[in-house]
Amino acid sequence: MKETLYKFDRRTIRIMRSVSRPAIRLSFGVIFIWFGILKPLGLSSAEGLLKATVVWLPFGSAENWLIVIGLWEVVIGVFFFFKKTTRLAIILLLLQMVGTFMPLVFLPEVTFQSNNIFLPTLEGQYIIKNLMIISAALVLGGEIDKPKNLKENLQ
């Protein structure tokens, strides 16, 4: 019985290893394209929060930023669908994540109940869960096979 459970465990781990990277890439692709395309169409539930966050930027209107950020997210999603562009997708994702955390700093009255950092609002929870997205991107990036000769690949 113990040997059977061990074999089952090993087989399960092999299956999870073989599907985990494609599953993360596919999930990222779908989520970023889906949520990204809603922004330029004016259909995103995060629109108000996003506009309130970028209003202080010295150039571009909040409406234009909404479109730029939405298209940025679509590009991230498309890049995740292809192994060769996964590194670039991760870089763009990490840059985008800097912006997603801005409301926690600039809009604490929206992201925390009574400005208490231990009591996130629904918006705050929506932002904080991005820590899991960052973690998954780091795992995916850490699993990308390294080129045999970086110098040759750069030429």
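What volume does the second largest pocket have? About 310 Å³, with a pocket here being an open set of points on a 1 Å grid over the protein atoms alone, where a 1.4 Å probe fits and protein lies on both sides within 12 Å along at least five of seven lines. Of its 13 lining residues (those with an atom within 4 Å of a point), R21, K83, E143, I144 and D145 are the closest to the centre. Helix α1 gives the most to this lining, with five residues; helices are DSSP runs of H or I, at least four residues long, numbered from the N terminus. By class, the lining has three nonpolar, two polar and eight charged residues.

Before going on, some bookkeeping: this is a predicted model, where local features need pLDDT of at least 70 and side-chain atom pairs count only at pLDDT 80 or more, while totals for chains, interfaces and linings use all residues. Residues are numbered from 1 along each chain as its sequence is written, and side-chain values use heavy atoms, with hydrogens and water left out.

Now for the largest pocket, which holds about 660 Å³ of space. It is lined by 27 residues, and I69, E73, Q96, G99 and T100 are the closest to its centre. The class make-up of this lining is 19 nonpolar, five polar and three charged residues.

E73 also turns up in a salt bridge with K39, with the closest N and O atoms 2.8 Å apart; the term means a side-chain nitrogen of Lys or Arg within 4 Å of a carboxyl oxygen of Asp or Glu. This pair links distant parts of the chain, as E73 sits in helix α3 and K39 in the loop between α1 and α2, 34 residues apart. E73 is buried at 6% relative accessible area, and K39 is buried too, at 4% (buried is under 20%, exposed over 50%, partly exposed in between, with a 1.4 Å probe and protein chains only).

The whole structure has four salt bridges. Among them, K51 pairs with E47 at 2.8 Å between the closest N and O atoms, and with E63 at 2.1 Å. E63 is in helix α3 and K51 in helix α2, so their pairing ties together parts twelve residues apart in sequence. Shared partners join E47, K51 and E63 into one network.

Finally, look at the outside. W34, in helix α1, is exposed, with a relative accessible area of 53%.

How values were computed:
Helix = DSSP H or I, 4+ residues; strand = E, 2+ residues; numbered from the N terminus. Points joined across faces, edges and corners; volume = space filled by probe spheres on them. Nonpolar A, V, L, I, M, F, W, Y, C, P; charged D, E, K, R; others polar.
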